[in-house]
Amino acid sequence: MNSIRHIETELKPLKDQINRHAMYGQLSTIEDVKIFMQNHVFAVWDFMSLLKALQVTLTNTTVPWTPKGNGSAARFINEIVTDEESDVNEHGEVKSHFEMYMDSMDQIGANTQQIKNFTSAIQKGVSIDTSAEMIQIHPTIKKFLDFSFNIIREGKPHCIAAAFTFGREDVIPDMFLEIIQQSKTSPDDGRYSKLLYYLNRHIELDGDEHGPISLKMVENLCGDDNTKWMEALITAKSALQQRIGLWSLISTAILNNKRTSIVK
């Protein structure tokens, strides 16, 4: 795990920027949380595409089936897919985490029309670029999505795994803990029950299960290849930089909304 430790050491300054980002302290009202979710939901969505890209790459999803030859990597990704695509919500209903997130947005009254129009267009076969243009997606969010799908298109399993692990899975527990701890909203507010379940579920899974599994997956895919480890590090740094950009966008949107509210 020396190479893993090296990557984590190299990523620490970027992770510190994320965990100390001013945005967390700005989540003081339900309107602030709505703005956060309306932008962050696109990251929740494209996380699933990174996950499924890994599943397609590391397992055989075609018929007739043939073995891919890396049972450990297949097991790692299939375990994560089971939880992310078919977990149970607070009522015991089986749903993907993306659907749970959408439900929590509906509960607090966040606007889900943009993300619904986006995913609906994609379901109809419209390209991601055209779908993003149709809904007039913010350039920062488009850049965030472009990074993920460029990594997917390059088709290097170790790079996809690095973006998934260090840019998403590895940072999610700390990220969500910051939201819960710094948000001044009341945890007893009934409007937050679905969101709090979602956040706590992610902290539980990503901190205790998915995070360690993802690190093992990166180690498995990079092996003793120094070039792969270097590419994984570069990808991980870029993924975290994209996250910082998204957080800064949300921070600015929250501040602008507060200024507009004061003027009114």
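Predicted model: local features only at pLDDT ≥ 70, side-chain atom pairs only at ≥ 80, totals over all residues.
**Residue I213**

I213 sits in helix α11, which covers residues 193–222. Its relative accessibility is 14%. Because buried means under 20% relative accessible area, I213 counts as buried. Leaving out residues up to four places away in sequence, I213 touches F76, E79 and I80.

**Residues in loops**

D224 is found in the loop between α11 and α12, the latter spanning 226–263. Along the chain, D224 and S3 are 221 residues apart, and their C-alpha atoms are separated by 9.4 Å.

Q136 belongs to the loop between α7 (128–134) and α8 (139–154). The phi angle of Q136 is near 55°, which is a positive value in a residue other than glycine.

Are D224 and Q136 buried or exposed? D224 has a relative accessibility of 80%, so D224 counts as exposed. Q136 is exposed too, with a relative accessible area of 69%. The cut-off behind both results is that exposed means over 50%.

| Residue | Relative accessibility | Class |
|---|---|---|
| I213 | I213: 14% | buried |
| D224 | D224: 80% | exposed |
| Q136 | Q136: 69% | exposed |

**A cis peptide bond**

Which kind of peptide bond joins V63 and P64? The bond is cis, with omega at about 0°. P64 lies in the loop between α3 (30–58) and α4 (71–85).

Technical notes
Residues numbered from 1 in each chain as written. Heavy atoms only, no water. Helix = DSSP H or I, 4+ residues; strand = E, 2+ residues; numbered from the N terminus. Buried < 20%, exposed > 50% of the residue type's maximum accessible area, 1.4 Å probe, protein only. Contact = heavy atoms within 4.5 Å.
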